[in-house]
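Subject: Structure handover and notes

Dear colleague,

Please find below the structure that I am passing on to you, and after it my notes on what was found there. I have kept to what can be read from the coordinates.

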Amino acid sequence: MSSEEPLKCPKCGAEIEQTAAGLISVCPKCHADLTDLAVQREKVGRKHDYSIARDDSATTHEFIVRTKGLTKIYTMGQVEVPALKNVDLDIRRGEYLSIMGPSGSGKSTLFNMVGGLDKPTEGTVFIDEVDMAQLDAYELAWLRCRKIGYIFQTFNLIPVMTAIENVTLPMIFAGMTTDEMMDRGRELLETVGLGDRLHHKPFELSGGQQQRVAVARSLANSPAIVLADEPTGNLDLRTGREIIELLKELNRESGVTIITATHDLKMIEASDRIVHIRDGQVERIELRSDVDIDVGTIHGQEEL
Ligand SMILES: Nc1ncnc2c1ncn2[C@@H]1O[C@H](COP(=O)(O)OP(=O)(O)OP(=O)(O)O)[C@@H](O)[C@H]1O
Ligand SMILES: [Mg+2]
């Protein structure tokens with residue numbers, strides 16, 4: 001069968017229309033998971049990768065996330081709040097990047113744009129060279145489910161669910177079988193050091209353990225990118241450092257790109273690069289190796 005023939009949903013037979021971005025994972029009619037079909041047909045989620053591979057532009061492909069002129073203006077009644085102003089940022093595949101900036105500087109706003117949780121007012125976010133604005137609702141859902149893992153400051157676990165249920169939840173949406181989910185959930189919880197806490201609910205776990213569950217959950221569907229917005233914000237210094245070390249280990253071992261926000265200088269040690277943002281703009285970008293971090297001080301400043 002030629003790849004030019006229309007894709008048909010194996011469940012309901014509906015014809016699946018390719019969109020500009022070429023990412024279709026769910027039948028728009030009956031919502032059946034089309035990933036397998038699409039991968040077989042060398043289409044879904046890969047079209048852009050293929051075109052990049054063909055044009056040999058290794059330099060472009062090196063970046064898993066690129067933002068171009070990213071601007072976000074929140075409108076509150078008559079008042080306009082510019083949260084991001086013209087941000088150009090290239091993030092390398094496999095990089096551990098820290099976004100540093102004071103409260104209100106636009107870190108979470110940037111995360112929401114990169115994570116496809118909100119739309120920019122102007123500018124573009126490219127994930128693997130795919131312009132996010134070109135994705136329809138289904139494609140965006142696919143991207144959020146499969147390609148990106150999220151970790152939040154407040155852990156955001158589901159309180160009535162056990163650790164393993166929280167971790168396996170995103171796998172349900174990705175269409176895994178129960179056995180596969182349980183095996184992978186157990187494995188991930190073991191990786192984050194919670195092999196003996198599978199059936200504990202969040203309130204039966206410490207803050208650090210809850211964040212470990214959230215780290216395991218973020219990895220449920222083997223994402224290429226993990227976005228961690230102030231993952232240590234609600235933890236004490238030691239526990240926070242343990243979480244950062246865990247993220248760094250995952251970054252080193254599995255090559256997942258970690259993008260993390262913090263306003264805490266003590267949390268940047270694991271980073272390859274540090275992007276400083278202020279008032280919605282990139283102020284400067286530093287290599288970790290150029291930053292002088294002593295115990296408790298940076299650039300001679302006292303601990304914050
Ligand atoms: N939904 C919203 N509506 C209106 N203004 C908003 C909204 N979200 C954020 N802002 C404003 O945008 C600016 C950037 O906010 P953002 O949450 O991105 O900052 P941040 O760097 O994450 O801060 P923090 O370190 O406190 O989490 C702030 O001035 C904030 O008040
Ligand atoms: Mg924030």
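I begin with a pair of packed helices, α8 and α9, whose crossing is right-handed. Please bear in mind throughout that this is a predicted model. Helix α8 covers residues 207–218 and helix α9 covers residues 237–254, and the two pack with their axes 10 Å apart at an angle of about 20°. Since angles under 35 degrees count as roughly parallel, α8 and α9 are therefore roughly parallel to each other. On the α8 side the contact is made by G207, G208, Q211, R212 and V215, and on the α9 side by T239, E242, I243, L246 and L247. Sorted by class, this contact of α8 with α9 holds four nonpolar, four polar and two charged residues.

Helix α6 (residues 163–173) packs with helix α7 (residues 178–191) at an angle of about 120°, and their axes are 9 Å apart. The crossing of α6 and α7 is right-handed. From α6 the contact draws on A163, I164, V167, T168 and M171, while α7 contributes M181, M182, R184, G185, R186, L188 and L189. The residues in this contact of α6 with α7 comprise eight nonpolar, two polar and two charged.

Two residues around this helix pair deserve a separate word. T178 belongs to helix α7, and it counts as exposed because 10 C-beta neighbours lie inside 10 Å, where the limit for an exposed residue is 12 or fewer. T178 and T168 are 10 residues apart in sequence, and their C-alpha atoms are 9.0 Å apart in space. M161 sits in the loop between β8 and α6, and with 15 C-beta neighbours inside 10 Å it is classed as partly exposed. Although M161 and K201 are 40 residues apart in sequence, their C-alpha to C-alpha distance is 5.8 Å. If neighbours within four places in sequence are left aside, M161 is in contact with N166 and K201.

N156, which is not a glycine, has a positive phi of about 55°, and its place is in the loop between β8 and α6. N156 counts as partly exposed, because 13 C-beta neighbours lie inside 10 Å. D279 is likewise a residue other than glycine with a positive phi, in this case near 50°, and D279 is found in the loop between β11 (273–278) and β12 (281–287). With 14 other C-beta atoms within 10 Å, D279 is partly exposed.

Helix α5 (residues 137–147) is described here by its buried side. Its buried residues are E139, W142, L143, C145, R146 and K147, and they pack against β6 (122–127), β8 (148–151), α6 and β9 (225–229).

As for the ligand, which residues are the closest to ligand 1? Of the 13 residues that surround ligand 1, the closest are Y74, A83, S103, S108 and T109. Three elements, β3 (63–76), β4 (79–92) and α4 (107–114), each supply at least two residues of the shell around ligand 1, and α4 gives the most, with three residues. By class, the shell around ligand 1 consists of four nonpolar, eight polar and one charged residues.

Finally, some totals for the chain as a whole. The chain has nine helices and 14 strands, and buried residues account for 39% of its 304 residues. When contacts between residues at least 6 apart in sequence are considered, 65% of them join residues at least 24 apart.

With best regards

Conventions
Residues numbered from 1 in each chain as written. Chains lettered and ligands numbered in written order. Predicted model: local features only at pLDDT ≥ 70, side-chain atom pairs only at ≥ 80, totals over all residues. Near = placed C-beta within 6 Å. Helix = DSSP H or I, 4+ residues; strand = E, 2+ residues; numbered from the N terminus. Nonpolar A, V, L, I, M, F, W, Y, C, P; charged D, E, K, R; others polar. Axes fitted to C-alpha atoms, helices over the stretch in contact; angles between N-to-C directions. Left-handed = near helix turned anticlockwise from the far one by under 90°. Contact = placed C-beta atoms within 7 Å. Buried ≥ 20, exposed ≤ 12 C-beta atoms within 10 Å, placed from the backbone. Parallel < 35°, antiparallel > 145°, perpendicular 65-115°, else oblique.
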